[in-house]
Amino acid sequence: MSLTEKPEHLPSAVLGDTVLDTLVPSFPAGAVDALRSQVHGPVYAAGDDGLAEEVATWNVAIQHTPAVAVGATCAADVAAAVSWAVAHGLGVAVQATGHGPVRNAAGSLMITTRRMQGLSVDPDRRTARVEAGVKWLRVLEAAADHGLAGLCGSSSDVGVVGYTLGGGMGSLGRKFGFAADHVQALEIVTADGRLRRISADTEPELFWAVRGGKGNFGIVTAIEIELMPVESLYAGGIFFAGDDAPALLHRFRQWAPTLPDEVSTSIAIMRMPPMEELPPPLRGQTVVHLRYAYAGTDHAEAERLLSPMKVLGTIVMGYVGPIRTDETDSIHMDPVDPMPAWEKGMLLADLPEEAVDALLDAGGPQIEIPIFMTEIRLMGGALGRQPKVPNAVPGRSGAFAVELIGPGIPELAQVVPMVGNGLLRALAPWKAPEMMINFLGEVSGPGEVAAAYRPETLDRLREVKRAVDPAGVFSFGYAI
Ligand SMILES: Cc1cc2nc3c(=O)[nH]c(=O)nc-3n(C[C@H](O)[C@H](O)[C@H](O)COP(=O)(O)OP(=O)(O)OC[C@H]3O[C@@H](n4cnc5c(N)ncnc54)[C@H](O)[C@@H]3O)c2cc1C
């Protein structure tokens, strides 16, 4: 193929003048039809109706323009798609829900997993086997029927597999650790097209790497996770007036580290959009949202622990009380509908008075900035400890996680990252040496992902990568 020819199958977004052949190798006519005959799910090539819909993201700020998309229905489809991609020189990307598209997987073969909905719960062993397309809500509901809970994050609309491979920090995190700490086995298709079932006993090094190394080693087709013996929570969120931010954030930094591991909590300055759907006290307002989850049965103790924060500011609205384990979305109240978001995070080793002052100076409610959410989450507890079977999850040295979200729209494409990165720079003196993969936000390339890990973890991950994916077939998204 010459560099000046525009091949039929290429998406226009990747048509550079000079780097075409390195981005998207060509494949012979009929090759896509051959792939169609090998898989049960639909196959789309660039230019086909339905491709854009097949690879649509939840975070619509990033849109994928793969060369080919395969809507996998089973592990065999995934294996066939990976083998076909390798044979035709395409890299492989994967998407379940589109909640975490850190960059466009342009020119890839993208496997979408949302048709892979197998889910079974074994209440006696307290485990669930979850296929690649399943979102957390179904797991929470199925587990709750047996008095069990999954280690879901702030939104149950997120995919179990993608979330867990990046660590997975949720409202039971300080008590039980990262979701990745409770994976018992994984089914994964590697670059050689093989479906392997891996565990600590069968392939310990790969098993270590995949739990925390995200999609670098293959496409996970199913995951076996442990469920926690938690029947209910004392949890919810309280919105305070924005003017209370200085007092609340300073109290939070002193109060939160005194809490037992049963409590997970975060606080966020929220600039709410003027949307009709929002209740009037929040619509268009800047407020402070305290999120609180107590994973115990002693409700009086849960209230006693919360009280130093509750008495501090003007409460606009909120609820903290008993909830079922499949109602945890009410804690953070994350948006449900797809939206264009710019995200960026940082882990802090410490949150002294000066750090809170720096955050308020750069992002407090007194200034108008295009950042919807500035969140500080308490880490520590089980999140700070290696699990029984250690894994590659970075971030255990963090005392607090900071996460920013702003509008990811073209009109503000320069401004939002400039303001957001400026805010994070103000916190740089207290930065921890690692970063949580799931909170990286948009990344410019592998260097930024690699910097999330400690050097010794990164070296070990790269060694595993060289062994199982020497040609770098899985080099999109969170690639190291
Ligand atoms: C509203 C919202 C709330 C969130 N809350 C939390 C939270 O509380 N805690 C937390 O830890 N994270 C949280 N996240 C981050 C989330 O965990 C990541 O964005 C995660 O990557 C989403 O996975 P997904 O499969 O749903 O998304 P997708 O965009 O479909 O996938 C993202 C990436 O996951 C990997 N991946 C997905 N499926 C597979 C597979 N089968 N095999 C291999 N790799 C795969 C790939 O690298 C892929 O690029 C939140 C994100 C959003 C948007």
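Residues are numbered from 1 along each chain as its sequence is written, and side-chain values use heavy atoms, with hydrogens and water left out. Because the model is predicted, local features need pLDDT of at least 70 and side-chain atom pairs count only at pLDDT 80 or more, while totals for chains, interfaces and linings use all residues.

**Stop 1: α2 and α4**

Select residues 31-38, helix α2, and residues 75-87, helix α4. Helices (H or I, at least four residues) and strands (E, at least two) are DSSP runs, numbered from the N terminus. The two helices pack at an angle of about 160°, with their axes 9 Å apart. Axes here are lines fitted to C-alpha atoms, for helices over the stretch in contact, and angles run from 0 to 180 degrees between N-to-C directions. α2 and α4 are therefore roughly antiparallel (the term applies to angles over 145 degrees).

Now show the side chains. Ala31, Val32, Leu35 and Gln38 of α2 are in contact with Ala80, Ala81 and Trp84 of α4 (contact means heavy atoms within 4.5 Å). By class, this contact has six nonpolar residues, one polar and no charged. Ala, Val, Leu, Ile, Met, Phe, Trp, Tyr, Cys and Pro count as nonpolar, Asp, Glu, Lys and Arg as charged, and the others, Gly among them, as polar.

Stay on Trp84, which lies in α4. Trp84 is buried, at 5% relative accessible area (buried is under 20%, exposed over 50% and partly exposed in between, with a 1.4 Å probe and protein chains only). Not counting residues up to four places away in sequence, Trp84 touches Phe27, Ala31, Val32, Leu35, Val68, Leu90 and Leu109. Trp84 and Val32 are 52 residues apart in sequence, and their C-alpha atoms are 9.1 Å apart.

**Stop 2: α9 and α12**

Select residues 245-255 (α9) and 353-363 (α12), which pack at an angle of about 150° with axes 10 Å apart. From α9, the contact takes in Ala245, Pro246, Leu249, His250 and Arg253; from α12, Glu353, Val356, Asp357, Leu359 and Leu360. These divide into six nonpolar, one polar and three charged residues.

**Stop 3: the cores**

A nonpolar core is a set of buried Ala, Val, Leu, Ile, Met, Phe, Trp, Tyr and Cys residues joined through side-chain atoms within 4.5 Å. The largest has 68 residues, and Leu186, Val210, Phe217 and Ile225 have the most contacts inside it. Helix α8 (residues 204-213) gives the most to this core, with five residues. Select Leu186: beyond four places in sequence, its contacts include Leu165, Phe207, Val210 and Ile223. Apart from this core lies another, of 44 residues, among them Phe240, Leu248, Leu359 and Leu378.

**Stop 4**

Gly168 is in the loop between α6 (160-165) and α7 (173-176). At 2% relative accessibility, Gly168 is buried. Leaving out residues up to four places away, Gly168 touches Tyr163, Gly177, Phe178, Ala179 and Asn438. The C-alpha atoms of Gly168 and Asp181 are separated by 9.0 Å.

Arg126 is in the loop between β5 (119-122) and β6 (127-131). Arg126 is not a glycine, yet has a positive phi of about 55°. Its relative accessible area of 30% makes Arg126 partly exposed.

End at Met333, in the loop between α11 (329-332) and β14 (341-348). Phi of Met333 is also positive, near 55°, and Met333 is partly exposed at 46% relative accessible area.

Methods:
Parallel < 35°, antiparallel > 145°, perpendicular 65-115°, else oblique.
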